[in-house]
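Reader: I'm new to reading protein structures. Could you walk me through this one with some questions and answers?

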Amino acid sequence: MRLALPLVTALVAALAGCADTGGYTPAGVTAQPPPPGTPFLVTGGGSPAVSPGPSGGAPLSQNTTSGTFLPSPQGTRAITYDPAVVPPGATAEVTIDTTTQSLRVRLQVTGMVPRRSYGAHLHTGSCTSVPDDAGPHYQHDIAPSKPSTDPVYANPQNEVWLDFTADLRGAATVTSVQDWTIDPVRPPHSLVIHAERTRTGKDAGTAGPRVACLTLPA
């Protein structure tokens with residue numbers, strides 16, 4: 001049986017339409033938003049959206065440190081200095097990814113005061129019962145005087161700033177990506193959480209009292 005030319009043309013067009021599914025959405029189906037998550041902030045150079053790890057250089061290592069904040073002397077690795085700001089039982093997890101040329105640091109916290117903002121940085125010293133023992137901020141280019149409030153050195157490209165605002169559950173996730181890597185001779189030894197967000201300009205790098213500290217492995 002021979003089909004009329006118009007009918008053949010219609011069948012070919014229909015088959016081509018079936019093969020081309022680009023952009024097609026079945027009736028009644030709508031795109032769903034991603035599930036709600038904790039706040040996400042990126043500071044420093046680069047962007048984690050480009051790659052799940054630091055961009056540039058060969059992969060070297062990933063180190064994760066976690067702790068539950070308790071007042072001293074119960075708290076040793078993770079200490080809260082102000083239980084009203086960092087409640088006992090709050091947690092922090094710091095993951096540091098390094099390559100030969102770059103660095104990514106991710107901080108995840110739980111149990112913080114809901115909707116409260118905090119400052120957070122990597123510091124040079126380890127945590128003790130004395131907040132100031134954690135030393136100044138860890139810097140790539142080291143300021144000639146310490147602690148430094150000179151914005152040439154105290155800035156989120158030269159230091160690891162991890163400021164965050166806790167969500168309604170008291171949780172947050174924040175990431176800093178840098179185009180430099182940690183000096184193995186002088187690595188950071190702690191994460192310090194401050195009562196306020198980090199200032200820029202005048203008094204750059206300051207963030208109010210130190211309210212909690214998590215010691216990182218050497």
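Reader: How confident is the predictor on average, as mean pLDDT of the protein chain?
Author: Keep in mind that this is a predicted model. Of the residues in the protein chain, 73% reach a pLDDT of 70 or more. The mean pLDDT of the chain is 81.

Reader: What share of the contacts with a separation of 6 or more is between residues 24 or more positions apart?
Author: Burial first: of the 218 residues in the protein chain, 39% are buried. As for those contacts, residues 24 or more positions apart account for 67%.

Reader: In what order do the five strands of the open sheet sit?
Author: Strands of a sheet pair through backbone hydrogen bonds, either parallel or antiparallel. Here the pairing is antiparallel. The edge strands are β3 (78-80) and β7, each pairing on one side only. Going across, the order is β3-β10-β9-β6-β7.

Reader: Which residue is the bridge partner of T80 in β10?
Author: β3 and β10 run antiparallel and are joined by three bridges. In β10, T80 has as its bridge partner A212.

Reader: How many bridges join β6 to strand β9?
Author: β6 and β9 (residues 190-194) run antiparallel. One example of a facing pair is L122 with its bridge partner L191 in β9. The number of bridges joining β6 to β9 is five.

Reader: Which residue in β7 does Y118 stand opposite?
Author: β6 also runs antiparallel to β7, and two bridges join them. In β7, the residue opposite Y118 is F164.

Reader: How many of the seven residues of β6 are buried?
Author: β6 pairs with β9 through five bridges and with β7 through two. The strand is mostly covered, and the number of buried residues is six.

Reader: Which cysteine does the disulfide join to C127?
Author: A disulfide is a covalent bond between the sulfur atoms of two cysteines. The structure holds one of these, with an S to S distance of 1.9 Å. The partner of C127 is C213.

Reader: How many residues apart are C127 and C213?
Author: C127 sits in the loop between β6 (117-123) and β7, while C213 is in strand β10 (residues 210-215). That means the pair links distant parts of the chain, and both cysteines are buried. Their separation is 86 residues.

Reader: Is that disulfide left-handed or right-handed?
Author: Look at the torsion about the S-S bond of C127 and C213, which is about -80°. Because of that torsion, the disulfide is left-handed.

Reader: How far apart in sequence are the parts tied together by R210 and D132?
Author: The side chains of R210 and D132 meet in a salt bridge, 4.0 Å from N to O. R210 lies in strand β10 and D132 in the loop between β6 and β7, so the pair ties together parts separated by 78 residues.

Reader: Is D132 buried or exposed?
Author: Exposed means over 50% relative accessible area. D132 has 61% relative accessibility, so it counts as exposed.

Reader: How many salt bridges are there?
Author: Among them is the one between D97 and R104 (3.4 Å, N to O), where both residues are buried. Another joins D183 and R186 at 3.6 Å, N to O. D183 is partly exposed at 27%, and R186 is partly exposed at 27%. The count comes to five.

Reader: Which residue's backbone nitrogen lies 2.9 Å from a polar atom of the D167 side chain?
Author: D167 is in the loop between β7 (164-165) and β8 (172-178). With a relative accessible area of 13%, D167 is buried. The backbone nitrogen by its side chain belongs to R169.

Technical notes
Residues numbered from 1 in each chain as written. Predicted model: local features only at pLDDT ≥ 70, side-chain atom pairs only at ≥ 80, totals over all residues. Heavy atoms only, no water. pLDDT = per-residue confidence, 0-100. Helix = DSSP H or I, 4+ residues; strand = E, 2+ residues; numbered from the N terminus. Buried < 20%, exposed > 50% of the residue type's maximum accessible area, 1.4 Å probe, protein only. Polar contact = N/O pair within 3.5 Å; in protein donor to acceptor, adjacent residues only side chain to side chain. Disulfide = S-S within 2.5 Å. Pairing = 2+ DSSP bridges. Contact = heavy atoms within 4.5 Å.
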